[in-house]
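These are my notebook entries on one structure. I set down what I looked up, entry by entry.

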Amino acid sequence: MKAENGPEVSAPSPIPTKVTPSPDAPTSGGEQPPVSSRYIWLMVVAQFGVFLALITPIAVSLSIRVNQLAPGHEEYLGYVTGVGAAVSVMVGPLLGVLSDRTRSRLGRRKPFLIAGLVLGPISLVVIALAPSMIVLAVGWIMSQVTWGLALGGLTNSMADRVPEQQRGRLAGFVGFVNLVAPVAGVGISSGLAGNNLLLFGVPGLLGALLLAPFILLVPESDSRNMPDMGRLSPGTVLGKYVFNPARYPDYSLNLLGRALFYFGLTLCTTFTAFFLASRMGVGVQNVAGTMAVLSALGVVATAIGALGSGFLSDRLRRRRAFVLASGILFGLGSVGMALSPTVPLLFASQLTTSLALGMFSSVDQALALDVLPERATNAGRFMAIFGLTASIPQSVAPLVAPVFLTIGVAAGQKNYPLLFAIAGAFTVLGGIVITRIRSVR
């Protein structure tokens, strides 16, 4: 594998050079032929494996290791995950740019998938055997980057190859397995807590085994004859993190709408446990059982929203209406949680937000593929930027939420109704912004 980073050419060659376009790039009609059922199911299985390996540590096993290395310092978990998330945000677009520029017999995406397959499990072993918090943090950063390589390769493959009429369906399946994978990971880990190597190694091994069939059975075209994209200097790399919104207005509107939705979503979900404890008149430690039941029901509701809206949006050839409906539905559920006079209505409102999240996550991802700029040459770059519109709001919203919680209440009290109402307003606003897109129905 080599990156396409040769010297810039100041003038075109006087003798035309034949360039073989990649079959993975859009055809002259601007669209790819439908992908096979095998591609879809191998993609779904691979995504399940990657999320099983990547999310399980966040859900349970990383907390166990932090407690082993630094008992009584739960805040270290926040430091480790925060640093890992920050590194992931910073390197994501760079990895996307490198993927777009990769020229190899295996293609542009497969080398990154192979790197994730090999290095991802190793990173989890580092965490399992870490003798100190510093080594643990290094291992977690490695895990974020290496499994991020695999995840980026999969999403970039979707951008390269999946046509419009199949994007909603595939996004629905992917959204579903992304929800199920952490639940399966927790179930697997529950019986392995006594052995750190198994605790991290089993999800990592399963992730690699589930990713391998996609790498082995889904061919990718040789990218060595694709056009030279010029020298990749530090200044060029930094420039790839930004773009002119006026040049790609529909893509920009989708980024803004998605960021608004995830900001509202995070405002709501971050403080759900504290809110439930407040409404039920119990301590936070006493709502674990309630949260577990709500989480299980929420997975079902989210799956219904993701699969149902994904299929329907493909069949009806409409995206914007589903995104707007999901924003409104989440807003209604969020406000309903804040104002529900009884616990059953509170739970019903919570499940409404889960249904809306499933609708949004599947259809908005399909819409993002519809409006993706420079699909044939820079899909990795723009898909990485697209990913930032979820991770950045999820980092910022918890820092802003305390401001809303303290407005209009006495000292020691929390204004949860205001917080949840504002959260709903952001999701509705996100849906409205996305309806301004003109190139997609």
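**Entry 1: Asp314 and Arg319.** I began with Asp314 and found it buried, at a relative accessible area of 5%. I take buried to mean under 20% relative accessible area, exposed over 50%, and partly exposed in between, using a 1.4 Å probe and protein chains only. Arg319 is buried as well, at 3%. Asp314 and Arg319 form a salt bridge, with their closest N and O atoms 2.9 Å apart. A salt bridge here is a side-chain nitrogen of Lys or Arg within 4 Å of a carboxyl oxygen of Asp or Glu.

**Entry 2: basis of the values.** I note that this is a predicted model, in which local features need pLDDT of at least 70 and side-chain atom pairs count only at pLDDT 80 or more, while totals for chains, interfaces and linings use all residues. Residues are numbered from 1 along each chain as its sequence is written, and side-chain values use heavy atoms, with hydrogens and water left out.

**Entry 3: other salt bridges.** How many salt bridges does a search of the whole structure find? I recorded 8. One of them joins the side chains of Arg109 and Asp160, at 2.7 Å from N to O. This pair links distant parts of the chain, 51 residues apart: Arg109 lies in the loop between β2 (102-103) and α3 (110-129), and Asp160 in helix α4 (residues 133-161). Helices (H or I, at least four residues) and strands (E, at least two) are DSSP runs, numbered from the N terminus. Both Arg109 and Asp160 are buried. I also noted that a network of salt bridges links Asp100, Arg108, Arg109 and Asp160.

I then turned to Asp222, which forms a salt bridge with Arg224, their closest N and O atoms being 2.5 Å apart. Asp222 is partly exposed, with a relative accessible area of 31%, and Arg224 is also partly exposed, at 48%.

**Entry 4: α3 and α6.** I looked up how α3 and helix α6 (residues 196-217) are placed: their axes come within 8 Å and cross at roughly 175 degrees. The two helices are therefore roughly antiparallel. Axes are lines fitted to C-alpha atoms, for helices over the stretch in contact, and angles run from 0 to 180 degrees between N-to-C directions. Angles over 145 degrees count as roughly antiparallel, under 35 as roughly parallel, 65 to 115 as roughly perpendicular and the rest as oblique. The residues making the contact (heavy atoms within 4.5 Å) include Leu113, Leu117 and Leu124 of α3 and Phe200, Ala208 and Leu211 of α6. I recorded 16 nonpolar, 2 polar and 1 charged residue in this contact. Ala, Val, Leu, Ile, Met, Phe, Trp, Tyr, Cys and Pro count as nonpolar, Asp, Glu, Lys and Arg as charged, and the others, Gly among them, as polar.

**Entry 5: Leu42.** Leu42 belongs to helix α1 (residues 37-69) and is buried, at 13% relative accessibility. Leu42 and Leu211 are 169 residues apart in sequence, with their C-alpha atoms 8.2 Å apart. Leaving aside neighbours within four places in sequence, I found Leu42 in contact with Pro213, Phe214, Leu217 and Val218.
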